[in-house]
Amino acid sequence: MDLGIRGRRALVSASSKGLGRGVAEALAAAGVDLVLNARGQAALAATAAEITGRYGVRVLAVAGDITDAGACAEVLAAAGAVDILVTNAGGPPPGHWSDWSRDDFLRAIDANMLTPVALMQACLPGMIAQGWGRVVNITSAAVKSPIAELGLSNTARAGLTGFVAGTARQVARHGVTINNLLPGLHATDRATALDAGAAAKAGITPAEAAARRAAGIPAGRYGTAAEFGAACAFLCSAHAGYIIGQNILLDGGAANATF
Ligand code: NAP
């Protein structure tokens, strides 16, 4: 299917690896020029070069911590006007509800709620002015199906979800859509790190921990960044203009609920 977005320009934050990179690749395959971002310069430059080489789109790489207000402003300034915004950042560490301090909560809220809100506040006016725009926020399956040890993530992402619920309906009449994609377990560095933590806790190997977690997913496996990217690219496509303010689970059926 032609996604109808060839020649559009997208900013994908936190995109040198993992789900963000999967999104960048899928958009590039649809002919979208990209602004990529990550903290680590080397992996970012390598990803940008590989994507340009493979898909022939223009790629601008801007290194910086997207959760830092100054760096975020630099990324936005370098990006200029964009048609598509995909917000992403690293997730907060796991832990226990009794241990989290006010500063832990503020860090998580800054990274996984206020940063995507700031990115949207910066990009939405241009999209509204031109009468077309697409925003997808990468959140987490934990928004619908809480994971207790990721309580910092549950908390911050619930706040972002609330912001999107109202704002998506305010901007929809201008041809701008905002939706959230909720990943369940996907095979990325983040999943590997969480497997290692679970393995250490249970006294098993990371491979055993991964196999146990995969066995609990109806699809019987972790998702891939490519699958995630393809779903996101569809939400960014010309065909998705009537999908507004949705929270879409990509979790292999793991959340056991009818709706
Ligand atoms: P990942 O494999 O660890 O990749 C994270 C990417 O984001 C890397 O390119 C990383 O590069 C960049 N990044 C991280 N923090 C950044 C920051 N502060 N500023 C700029 N770039 C940053 O992670 P992932 O699995 O793709 O996860 C992406 C998001 O989805 C996270 O919020 C995660 O919590 C959420 N999620 C993932 C899963 C899963 O199973 N994978 C499930 C549910 C939710 P640098 O390190 O060089 O900055």
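The points below go from the whole chain to the ligand and then to individual residues.

1. Basis of the numbers. This is a predicted model, in which local features need pLDDT of at least 70 and side-chain atom pairs count only at pLDDT 80 or more, while totals for chains, interfaces and linings use all residues. Residues are numbered from 1 along each chain as its sequence is written, and side-chain values use heavy atoms, with hydrogens and water left out.

2. Overall fold. The protein chain contains 8 helices and 7 strands, where helices (H or I, at least four residues) and strands (E, at least two) are DSSP runs numbered from the N terminus. Its radius of gyration is 18 Å, close to the 18 Å that the globule rule gives for 259 residues, so the chain is as compact as a globular protein of that length; the radius is taken over C-alpha atoms, and the rule is 2.2 Å times the number of residues to the power 0.38. Along the principal axes, the C-alpha trace of the protein chain spans about 55 × 40 × 40 Å.

3. Of the 259 residues of the protein chain, 46% count as buried, the classes being buried under 20% relative accessible area, exposed over 50% and partly exposed in between, with a 1.4 Å probe and protein chains only. The accessible surface of the protein chain comes to about 11,900 Å², and carbon and sulfur atoms own 57% of that surface; accessible areas come from the Shrake-Rupley method with a 1.4 Å probe, and for residues only the protein chains shown count as cover. Among contacts in the protein chain with a separation of 6 or more, 75% are between residues 24 or more positions apart, contact meaning heavy atoms within 4.5 Å.

4. Ligand shell. There are 28 residues around the ligand, of which Ser16, Leu19, Arg39, Ala89 and Thr188 come nearest; a residue is near a molecule if one of its heavy atoms lies within 4 Å of it. The shell divides into 8 nonpolar, 14 polar and 6 charged residues, with Ala, Val, Leu, Ile, Met, Phe, Trp, Tyr, Cys and Pro counted as nonpolar, Asp, Glu, Lys and Arg as charged, and the others, Gly among them, as polar. Helix H1 (18-29), strand S2 (33-38) and helix H6 (189-202) each contribute at least two residues to this shell.

5. Ala14. Please look at the backbone of Ala14, whose phi is near 50°, a positive value in a residue other than glycine. Ala14 is placed in the loop between strand S1 (9-12) and H1.

6. Ser140. This residue is in the loop between strand S5 (133-138) and helix H5 (151-171), and at 11% relative accessibility Ser140 counts as buried. The side chain of Ser140 reaches the backbone nitrogen of Ala142 at 3.0 Å. Leaving out residues up to four places away in sequence, Ser140 touches Ser153, Arg157, Leu181, Leu182 and Pro183.

7. Asn180. In strand S6 (residues 176-183), Asn180 counts as buried at 0% relative accessibility. The side chains of Asn180 and Asn247 make a polar contact at 2.8 Å, that is, a pair of N or O atoms within 3.5 Å; within protein, one must be able to donate a hydrogen and the other to accept it, and residues adjacent in sequence count only if both atoms are side-chain atoms.

8. Two helix residues. Ile51, in helix H2 (residues 41-55), counts as buried at 0% relative accessibility, and its contacts beyond four places in sequence include Ala24, Leu34 and Val59.
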